[in-house]
Amino acid sequence: MTISRLTFAPSRRTVLAGAAALIASPAILRAQSDGITFGTLTPLTGVGGTYGPSMRDAAASVFTAVSQAGGLLGQQIDLVSEDTQTNPEAAVRAVRKLIDVDGVSVVIGTWASSITTAVAPLCWENGVMLFTVSGADSITRLPHMGYIARTQPNSILQIQVAGEFMLRQGATGMAWIGPQTPFAQSSIDILAEQAGAAGIEMESLIYEADKSTYRSEIDTIMRSNPDFIMLGGYAADSTVVLRDIWQAGYEGRIIGPAYAVNPTVLEALPNDVTEGVYTWEGAPDVTGGAYANVRAALGVDVVDPYSAQTYDHANLAVLAAAAAGDAGGPAIRDSLRSISQGDGTQVSDALAGLEVLANGGSVNYTGASGPCDFDGIGDITGTQFLFNQISGGSPSEFERV
Amino acid sequence: MLDLLPQFLANGIITGALLALPAIGFTAIFAVLRFPNFAVASHATVGAFAGLVVNVTWGLPAVPSLMSAFLVAGLVGVISDEVALKPLRKYGALTTAIASIALTIVIENIIRFFFGNDLRGYDLPLVRDIRFGEIRVNPQQLENLALAVVIMIVVFAALKFTRMGKAMRAVADNPDLADLKGIDAVLVGRIVAFAGMGLVGVGGMLFGLGTSIDPLTGFRFILPIFAAAVVGGLGSVPGAVVGAMIVGIGEEMSALVLEPAYKSAVGFLAIVLVLTFRPRGLLGERAY
């Protein structure tokens, strides 16, 4: 049998149709997916690698429990986990894969603000709900159409609370030193305003991340003789800064975010260097049922704030989808606040909430990280802060506000 | 701000001396094997972690730890070169250079697999800075500087006076002529890969002594190392030292005129300026 060439000569229309099919193939694949697919996008490697694996596991524990109990809207939940590498370029590649190939309707757990800023437009343009633990205030000011919800107090609130703490402790000269991040300048502006109102000096310096030494930067900041320094970086650079400050003979006080002066930093540095350093963080609700759940799920005594938050993200996504009767991104966005706040029955896990919803009730999810109530732009309202002080290489509670 | 000039200069000299060791390794490998081996990034990390195991796990002091950094990074350098890069050299320097970037990612992830992502510090006593007038210097930095200088002197002496050093220079200058004289270029290549990556490993650990290390430690230094080698003249060992000093001092002194957030721009700027006005680098490309 011979086939004439003409038979296989593709017409312009065929080529165009083929191209259209190729372009549309992710959507076709999505339509072919049997279950509901959610994604986590946490920093499994890079400077956030300390937190990413347990953040992923905390979210996965919720989806596993729901799937084992019969699923969501009668379907199993498939979880696809990707690694941001704590690197915006890698995170964008990963979220493209989650959206285009896996067809997720929810992305959970972006950690560094630079990463959330990079992946957020891809999420809202594709109608994917993004739950994040990033703090930069600029994130929820993006034109995200409701597709961003964050459980981390924003950087303005964090810096205000820490600045007030520094003044309460009697600071007479403040300084901020940190790398270039989406919240660096706003942090400096807030502290400068607080220092100005209190009539004291305030010095600031933005350095380049990933350097092996910051001696010259420390020399520069020391010229104003500050007696209370705030660190604005992440763990890797804060280790170097703390060491360099100590070696320079600084005798004043230091405060840093708990994610920067974290257990690995305390392990890596001699106790002399970290003695007396204050840390602060949005405090998980350690007394609540959700916190106990995530502790049991992870098999740990103390849950870090970010794993507590991704546990909440997963519960919120499941309950919002169940309340809407639809696990798509737009439906979850629209029904999120109907299950996170209000007069409904208080629940601390998705299974209990699903039962209430199945019986025609309404729920108010109260999470491991706090009440999980969101304002109009996706920021949480109502959160506690925990201040610790390092002594003998380990943190102990100083005060809660 | 000018009152800080002497301090910045001191900081720059110390940074430059530390940068010189991996830059020498990088440029020596380029001189003999004729490709830029960007796997120096992961080999610096290998050296830093090898030193960490000897120092923290086995409890030995800095010098034996540095020796282990040299040996392990050197061995990994030879093996990875034989397995991953040597088979590609016949396809050209660009292909091999790209493969070396892939290699560095592979090695970095192997380290991550065994050691995890956490920051780790060496078990060395930390001491406060000492002051010489207006300049403060840390004793550990002085020790690192002395070690770097001693190692550089040993490298120069080996290149100048030993038979193998002369063979290396011969292969670097003219591989065909060296072959005619009966010099085994393959053996010389292996020794250069060993010694070059060994120096990179020592540099990685010396950097780590002043800070903490993680699997990305070496990757952070790839730009200044490359800039130092290019500025001095790719393939020139003394050039690498000069280039390292220029980049190290330049980065620290840049704080006088630039926001510290743009420190790395100094490395890029140095590369651009040298490639524009003196493409073969300040000292040309002769190995010695």
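A residue counts as buried here if 20 or more other C-beta atoms lie within 10 Å of its own, with C-beta atoms placed from the backbone. Keep that in mind as we walk through this structure, which is a predicted model.

**A buried strand in chain A**

Let's start with strand E1 of chain A, residues 36-42. Of its 7 residues, 7 are buried, so the strand is largely enclosed by the rest of the structure. In a regular strand the side chains alternate between the two faces of the sheet.

Which strands pair with E1(A)? Strand E2 of chain A (residues 77-83) does, in the parallel sense and over 7 bridges, and so does strand E3 of chain A (residues 106-110), also parallel, over 2 bridges. To get from E1(A) to E2(A), the chain passes through helix H3 of chain A (residues 52-68), making a right-handed β-α-β crossover.

| Residue | Bridge partner | Strand of the partner |
|---|---|---|
| A:Gly39 | A:Val80 | E2(A) |
| A:Thr40 | A:Ile108 | E3(A) |
| A:Phe228 | A:Arg253 | E9(A) |

**An open sheet in chain A**

Next comes an open sheet of 7 strands in chain A, with mixed pairing and the order E7-E6-E8-E9-E10-E15-E16.

Helix H8 of chain A (residues 215-222) lies across strands E6 (173-179) and E7, running at about 165° to E7(A).

Now turn to chain B. The axes of its helices H1 (residues 5-33) and H10 (residues 237-253) come within 6 Å and cross at roughly 145°. This crossing is right-handed, and the contact between H1(B) and H10(B) has 16 nonpolar, 8 polar and 2 charged residues.

How do the chains meet? In total, 30 residues of chain B are in contact with 32 residues of chain A. On the chain B side, H1(B) gives the most, with 4 residues. That side divides into 9 nonpolar, 10 polar and 11 charged residues.

Definitions and conventions: Residues numbered from 1 in each chain as written. Chains lettered and ligands numbered in written order. Predicted model: local features only at pLDDT ≥ 70, side-chain atom pairs only at ≥ 80, totals over all residues. Axes fitted to C-alpha atoms, helices over the stretch in contact; angles between N-to-C directions. Left-handed = near helix turned anticlockwise from the far one by under 90°. Nonpolar A, V, L, I, M, F, W, Y, C, P; charged D, E, K, R; others polar. Pairing = 2+ DSSP bridges. Contact = placed C-beta atoms within 7 Å. Buried ≥ 20, exposed ≤ 12 C-beta atoms within 10 Å, placed from the backbone. Right-handed = clockwise from strand over helix to strand, strands pointing away.
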